[in-house]
Each structure stands twice: as structure tokens, then as C-alpha cells.
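Dear colleague,

Please find below the structure that I am handing over to you, together with its sequence. My notes on what was found in it follow directly after.

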Amino acid sequence: MLDAYEYDTNVKMKDRFKDDIDWISSNNQLYAPNFGIILFVNKMDKISSDKNKREEWADRNLPEIETHIKESLDAFNQHFLLAAPIALVSKDSRPNAISAALLKAVEK
């Protein structure tokens, strides 16, 4: 899980994020064969209360985030399925966001 607000405003967070993905890559032998990685980009509610602005943020930042993941995973990048925006504070949208991400992952 990645904090969207921190990623957007804190340069050190980007380095920490890369370190976390490197750790996942170096420990991939601990996972079951054919494992999949879905990254939930949390705290989208802190980006904006406006849905359009959150979507703009996702359109602008998710490709960069996904590129970092794929580069860090290197030979294991086929295990990365997607990065999906979410706001876990919202009980109403949380199940929908998780379901939509899982459905999108299955469709890949």
C-alpha cells in the first residue's frame, strides 16, 4: 500500500517506495509460484475531495509508479498486475475499489 498524498508531496517517500519494491523483488522466492502484486495507492481522499481531481492525479502518477515497480522487480515484473487508487477511510467506496482492482487484474 502506498500513501498517495505522501508520494505526491514527499521526495523521500519516493525513495522509500523504491526501497520497498526492491525488498519485494529480493525476497520473491518466499512467495508461491505465479504470485501477483497489486499495489493499492491509498489516501486518495487526501489528494482532493473532487473525484475528477483524484482521477487526474491517478492518470498523472500511476504510470510513473507502475514503471518504478516494473523496473525494480526486473525479471519478476510479470508478477506485477496493477496499481489501483483507493481511499480506505470510505466504507462505501472501499469494497468497490478493491473489487474493481481485482477484476482489472483478472482481465489482464
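The count of salt bridges in this structure comes to one. Please bear in mind throughout that the model is a predicted one.

**The salt bridge**

Which side chains meet in the salt bridge? They are those of Glu-55 and Lys-51, with a distance of 3.9 Å from N to O. Lys-51 is placed in helix α4. Because Glu-55 and Lys-51 are four residues apart in this helix, about one helical turn separates them.

Are the two partners buried or exposed? Glu-55 has a relative accessibility of 39%, so it counts as partly exposed. Lys-51 has a relative accessible area of 54%, which is over the 50% cut-off, and therefore it is exposed. Further along the chain, Pro-63 is 12 residues from Lys-51, and the C-alpha atoms of these two residues are separated by 19 Å.

**The largest pocket**

Glu-55 also has a place in the description of the largest pocket, which has a volume of about 560 Å³. This pocket is lined by 25 residues, and those closest to its centre are Glu-55, Ala-84, Pro-85, Ile-86 and Ala-97. As a general point, rolling a probe the size of a water molecule over the atoms shows where empty space is left.

Which elements supply at least two residues each to the lining? They are α3 (44-47), α4 (51-73), β3 (80-85) and α5 (93-107). The most is given by α4, with eight residues. Sorted by class, the lining has 14 nonpolar residues, eight charged residues and three polar residues.

**The nonpolar cores**

In soluble globular proteins, nonpolar side chains tend to be buried together. In this model, the largest nonpolar core has 19 residues. Within this core, the residues with the most contacts are Phe-17, Leu-39, Val-41, Trp-57, Ile-65 and Ile-69. Two or more residues of the core come from each of α1 (4-9), α2, β2, α4 and β3. With six residues, α4 gives the most to this core, and α4 also gives the most to the lining of the largest pocket.

There is a second, separate core of six residues, and among them are Phe-40, Leu-82, Ala-84 and Ala-101. Ala-84 is also one of the residues closest to the centre of the largest pocket.

Ala-101 lies in helix α5. Its relative accessibility is 2%, which is under the 20% cut-off, so Ala-101 counts as buried. Which residues does Ala-101 touch, not counting those up to four places away in sequence? They are Ile-38, Phe-40, Leu-82 and Ala-84. Ala-101 and Leu-39 are 62 residues apart along the chain, while their C-alpha atoms are separated by 9.3 Å.

**Three further residues**

His-68 is found in helix α4. With a relative accessible area of 16%, which is under the 20% cut-off, His-68 is therefore buried. Leaving aside neighbours within four places in sequence, His-68 is in contact with Tyr-7, Phe-17, Lys-18 and Ile-21. One of these, Phe-17, is among the residues with the most contacts inside the largest nonpolar core.

Asp-20 is found in helix α2, which covers residues 11-26. Asp-20 has a relative accessible area of 35% and is partly exposed. From Asp-20 to Glu-56 there are 36 residues in sequence and 25 Å in space, C-alpha to C-alpha.

Most residues other than glycine have a negative phi. What is the phi of Lys-43? Lys-43 has a positive phi of about 65 degrees, although it is not a glycine. Lys-43 is placed in the loop between β2 (37-42) and α3. The relative accessible area of Lys-43 is 33%, so this residue is partly exposed.

Yours sincerely

Technical notes:
Residues are numbered from 1 along each chain as its sequence is written. This is a predicted model: local features need pLDDT of at least 70, side-chain atom pairs count only at pLDDT 80 or more; totals for chains, interfaces and linings use all residues. Side-chain values use heavy atoms; hydrogens and water are left out. On a 1 Å grid over the protein atoms alone, a cavity is a set of points where a 1.4 Å probe fits but cannot get out, and a pocket is an open set with protein on both sides within 12 Å along at least five of seven lines; lining residues have an atom within 4 Å of a point. Grid points are joined across faces, edges and corners, and a volume is the space filled by probe spheres set on the points. Ala, Val, Leu, Ile, Met, Phe, Trp, Tyr, Cys and Pro count as nonpolar, Asp, Glu, Lys and Arg as charged, and the others, Gly among them, as polar. Buried means under 20% relative accessible area, exposed over 50%, partly exposed in between (1.4 Å probe, protein chains only). Contact means heavy atoms within 4.5 Å. A salt bridge is a side-chain nitrogen of Lys or Arg within 4 Å of a carboxyl oxygen of Asp or Glu. A nonpolar core is a set of buried Ala, Val, Leu, Ile, Met, Phe, Trp, Tyr and Cys residues joined through side-chain atoms within 4.5 Å.
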